[in-house]
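I open this notebook to record what I looked up in one model, entry by entry.

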Amino acid sequence: MTVSKLRKTISHIVFVGAAIIFSQNALATDLAEIKEKGVLRHIGVPYANFISYINRDDFQLLSGLDVDIVKGFSESIGVEYQYVPAEWDNVIGKLIGQNAQFKNNQIVLGKKSPIEGDIIANGVTVLDWRAELADFSDDYFPSAVWLVARADSDLEPIQPTGSIDKDIEKVKQLIKGRDVLTMEQSCLDPNLYNLYETGANIIEPERSRKLNEMVPAILNKDAESTLLDVADTLIALEKWPGEIKVIGPISQDQRMAVAFRKSSPELRKAFNQYLATIKEDGTYQKLVEKYYPSVFYFYGDYFKESNQ
């Protein structure tokens with residue numbers, strides 16, 4: 001056999017092997033297949049205290065509320081846990097096999113993508129456009145999007161009216177002509193809240209910026225204010241006391257949940273059963289207290305209802 005033919009043969013073997021591996025991964029779509037494979041692949045974007053991920057040189061760190069919950073779920077169904085890191089612009093693709101974005105108030109499908117995981121769990125806000133692409137578990141964490149400004153800004157927190165709609169309107173009136181940092185493809189997407197209609201100067205961050213870098217950006221005076229969700233706001237208030245202030249709500253109350261492929265109904269059902277179990281036995285409460293101790297001051301009623 002010539003060297004050229006040998007190379008072609010090796011290349012063919014490698015290609016066929018890769019195709020078989022991809023096919024096996026693609027087939028692991030629901031609970032039975034995942035149990036047979038023996039691994040649950042957890043796709044996640046490092047974010048707030050839901051997922052903290054460091055992979056540098058010889059040092060690795062993986063922790064967070066969703067990491068603990070998914071590890072516990074993996075154990076409950078008798079499979080190993082595997083973390084699959086992702087970014088906001090490719091996380092959907094890693095789950096369903098096709099990238100997708102939300103632009104101009106509509107879903108724009110992108111390139112095909114290898115399916116690399118079985119669930120997405122990183123404090124995913126349940127949004128209508130996401131629900132068209134994936135199915136969600138029962139919710140397990142409260143959220144909302146707020147306007148947060150530097151402490152030295154002359155923007156002042158609104159006085160709550162008792163109506164969330166009126167409060168949102170008051171905040172939107174305040175940002176006319178103001179710099180507001182947002183982030184498309186996330187829960188901070190200005191398109192979701194019709195912010196372009198407010199007359200605000202919407203600023204999109206550099207592509208490499210993460211959600212947990214929004215507050216450092218306004219402290220660096222990249223903008224006067226930023227959109228921020230509940231989880232990140234709670235962490236930011238603790239991390240930068242006296243340097244930021246919450247002006248008021250931009251969104252209605254929201255909920256966070258785990259995302260599944262629409263071809264994984266039994267996996268979703270099993271997760272919901274596990275979630276109900278850990279809420280009942282107190283495990284869930286302890287995990288929330290560990291990662292978000294201050295959330296109970298703002299959303300005590302939510303957690304009381306969740307434990308009933």
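Among contacts in the chain between residues at least 6 apart in sequence, what percentage join residues at least 24 apart? I find 70%, where contact means heavy atoms within 4.5 Å.

**Entry on the model.** I note that this is a predicted model, in which local features need pLDDT of at least 70 and side-chain atom pairs count only at pLDDT 80 or more, while totals for chains, interfaces and linings use all residues. Residues are numbered from 1 along each chain as its sequence is written, and side-chain values use heavy atoms, with hydrogens and water left out.

**Entry on the whole chain.** I looked up 11 helices and 15 strands in the chain, taken as DSSP runs (helices H or I with at least four residues, strands E with at least two) numbered from the N terminus. Of the 308 residues, 48% are buried, and I use buried for under 20% relative accessible area, exposed for over 50% and partly exposed for what lies in between (1.4 Å probe, protein chains only).

**Entry on two helices.** The axes of α3 (residues 65-76) and α9 (residues 265-281) come within 10 Å and cross at roughly 110 degrees, the axes being lines fitted to C-alpha atoms over the stretch in contact, with angles from 0 to 180 degrees between N-to-C directions. That makes α3 roughly perpendicular to α9, a label for angles of 65 to 115 degrees. On the α3 side I list I69, G72, F73 and S76, and on the α9 side L267, A270, F271 and Y274.

**Entry on aromatic rings.** I looked up 15 aromatic pairs in the structure, where rings of Phe, Tyr and Trp (its six-membered ring) pair if their centres lie within 6.5 Å, and planes under 30 degrees apart count as stacked, over 60 as edge-to-face and the rest as tilted. F296 and F303 form a tilted pair, at 4.9 Å centre to centre and 55 degrees between the planes. F296 is partly exposed at 21% relative accessible area, whereas F303 is buried at 1%. Ring pairs link these residues into a cluster that also includes Y47, F50 and W88.

**Entry on backbone angles.** Most residues other than glycine have a negative phi. A48, however, has a positive phi of about 45 degrees; A48 sits in the loop between β1 (39-44) and β2 (52-56) and is buried at 13% relative accessibility. N194 has a positive phi near 55 degrees, lies in the loop between β11 (179-181) and β12 (201-203), and is partly exposed at 37%.

Technical notes
Angles under 35 degrees count as roughly parallel, over 145 as roughly antiparallel, 65 to 115 as roughly perpendicular and the rest as oblique.
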